[in-house]
Amino acid sequence: MFTGSIVALVTPMDDSGNVCRSSLKKLIDYHVASGTAAIVSVGTTGESATLSHEEHGDVVMLTLEAGRWPYSGDCRNRGKRHR
């Protein structure tokens with residue numbers, strides 16, 4: 001059972017449309033420091049449809065490596081970049 005906040009984390013992108021790993025790390029660090037109970041990445045905020053498999057995996061791994069909480073990530077395969 002979760003208690004506390006569960007955050008649907010956005011995936012920050014740079015000006016070229018790539019995942020901005022440094023900004024993502026800052027967001028994750030912020031939530032760790034703030035006591036966030038759990039995090040959901042690449043799922044509920046809509047960006048998963050625009051990420052490649054590699055980008056999707058990178059976001060999941062960065063979130064798992066940096067976080068110390070229960071984790072949920074989107075496992076659906078959708079969007080043109082997935083074909």
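A residue is called buried under 20% relative accessible area, exposed over 50%, and partly exposed in between (1.4 Å probe, protein chains only). The model is predicted: local features need pLDDT of at least 70, side-chain atom pairs count only at pLDDT 80 or more, and totals for chains, interfaces and linings use all residues. Residues are numbered from 1 along each chain as its sequence is written, and side-chain values use heavy atoms, without hydrogens and water.

View 1. Helices (H or I, at least four residues) are DSSP runs, numbered from the N terminus. Buried in α2 are Glu-55, His-56, Val-59, Val-60, Leu-62, Thr-63 and Ala-66. They lie on the same side of α2 because they cover an arc of only 165 degrees around the axis, the arc being that of the directions from the helix axis to the C-beta atoms. Glu-54 and Glu-65, on the other side of α2, are exposed.

**View 2. The largest nonpolar core, with 12 residues.** Such a core is a set of buried Ala, Val, Leu, Ile, Met, Phe, Trp, Tyr and Cys residues joined through side-chain atoms within 4.5 Å. Among its members are Val-7, Ile-28, Ile-39, Val-42 and Leu-51. Helices α1 (21-34) and α2 each supply at least two residues, and α2 gives the most, with four.

**View 3. The surroundings of Leu-24.** Neighbours within four places in sequence aside, Leu-24 is in contact (heavy atoms within 4.5 Å) with Leu-9, Val-10, Pro-12, Val-19, Val-59 and Leu-62.

**View 4. Asp-29 in helix α1.** Asp-29 counts as partly exposed because its relative accessibility is 33%. Asp-29 and Thr-63 are 34 residues apart in sequence and 9.6 Å apart in space, C-alpha to C-alpha.
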